[in-house]
Amino acid sequence: MSALSIMEKISLELQSDIPPPLPFTSTDDPILRKRAEPIEDPTSLQTKTIALQLFESIKAAGGGFGLAAPQVGISKRLFICSFDWKIETIIPIINPAYKPVDDEMEAHWEACFSVPNTYGNVMRYKRIRCSYQTIDGKEINTELEGIQARVFQHEYDHLDGVLYPDKCIDLRVFDEPNELQAFRLWVRKEREKAGYL
Ligand SMILES: [Zn+2]
């Protein structure tokens, strides 16, 4: 039997109360532009419920690199992400902070549930030193690089009311689903070329 994922453990703890997925807030919702409130107790039932709500919401949307609480209308400093892009390894990141390791930045394409049908090329720090709390209340300090650092910075921005189009150097909006799909495939190839995936 494989070990339980962190999210499975949380859902077992909450037992019958698995929350339904929440709808994504629309791009112009003011909650996406607010600085979110710190989580006072990472181990509380309320925090676990928010983490599970995010998990159920990202699953319902077909998966993704990460999702921050304000994107489903909850103005709290919590996001979920997986550092190896699998649904089984998604973890909650609570009260995060980061600093760049050095000045080196790189550009790559990003998308976001809060800005549908759009891709943007965004400059991000290549290496960051980050800290956060786990759902068990542990303090984690770690260094991230490349796409992991990018996802952390993107999700962190949501907690400060920043959306990636604010920072991007090239924004593409797709009205045609076929064009969006073709661009998505192109971005995936570019990520592979860059050693991102
Ligand atoms: Zn986003």
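Helix H1 (residues 6–14) packs with helix H2 (residues 45–60) at an angle of about 125°, and the two axes lie 10 Å apart. Here helices (H or I, at least four residues) and strands (E, at least two) are DSSP runs numbered from the N terminus. Axes are lines fitted to C-alpha atoms, for helices over the stretch in contact, and angles between N-to-C directions run from 0 to 180 degrees. The model is predicted: local features need pLDDT of at least 70, side-chain atom pairs count only at pLDDT 80 or more, and totals for chains, interfaces and linings use all residues. Residues are numbered from 1 along each chain as its sequence is written, and side-chain values use heavy atoms, with hydrogens and water left out.

H1 and H2 are therefore oblique to each other; angles under 35 degrees count as roughly parallel, over 145 as roughly antiparallel, 65 to 115 as roughly perpendicular and the rest as oblique. The crossing of H1 and H2 is left-handed, that is, the near helix is turned anticlockwise from the far one by less than a right angle. On the H1 side, Met7, Ile10, Ser11, Glu13 and Leu14 take part, and they meet Leu45, Lys48, Thr49, Ala51, Leu52 and Phe55 of H2. Contact means heavy atoms within 4.5 Å. By class, seven nonpolar, two polar and two charged residues make up the contact of H1 with H2. In this scheme Ala, Val, Leu, Ile, Met, Phe, Trp, Tyr, Cys and Pro count as nonpolar, Asp, Glu, Lys and Arg as charged, and the others, Gly among them, as polar.

The protein as a whole has four helices and eight strands, which follow the sequence pattern α-α-β-β-β-β-β-β-β-α-β-α. The radius of gyration of the protein is 16 Å, close to the 16 Å that the globule rule gives for 197 residues, so the protein is as compact as a globular protein of that length. This radius is taken over C-alpha atoms, and the rule is 2.2 Å times the number of residues to the power 0.38. The C-alpha trace spans about 45 × 40 × 40 Å along its principal axes. Of the 197 residues, 46% count as buried (under 20% relative accessible area, with exposed over 50% and partly exposed in between; 1.4 Å probe, protein chains only). Among contacts with a separation of 6 or more, 70% are between residues 24 or more positions apart.

Ile58, in helix H2, is buried at 0% relative accessibility. Leaving aside neighbours within four places in sequence, Ile58 is in contact with Gly63, Gly64, Gly66, Leu67, Ile80, Ile87, Ile90 and Phe113. The C-alpha atoms of Ile58 and Pro96, 38 residues apart along the chain, are separated by 20 Å. His154, in helix H3 (residues 146–159), is also buried, at 9% relative accessibility. Not counting residues up to four places away in sequence, His154 touches Glu110, Ala111, Cys112, Arg124 and Tyr164.

Asn95, in strand S3 (residues 91–100), has phi near 45°, a positive value in a residue other than glycine. Asn117 lies in the loop between strand S4 (105–110) and strand S5 (118–125); its phi is near 60°, again positive in a residue other than glycine. Asn117 is partly exposed at 42% relative accessibility. Gln181, in helix H4 (residues 177–193), is partly exposed, with a relative accessible area of 36%.
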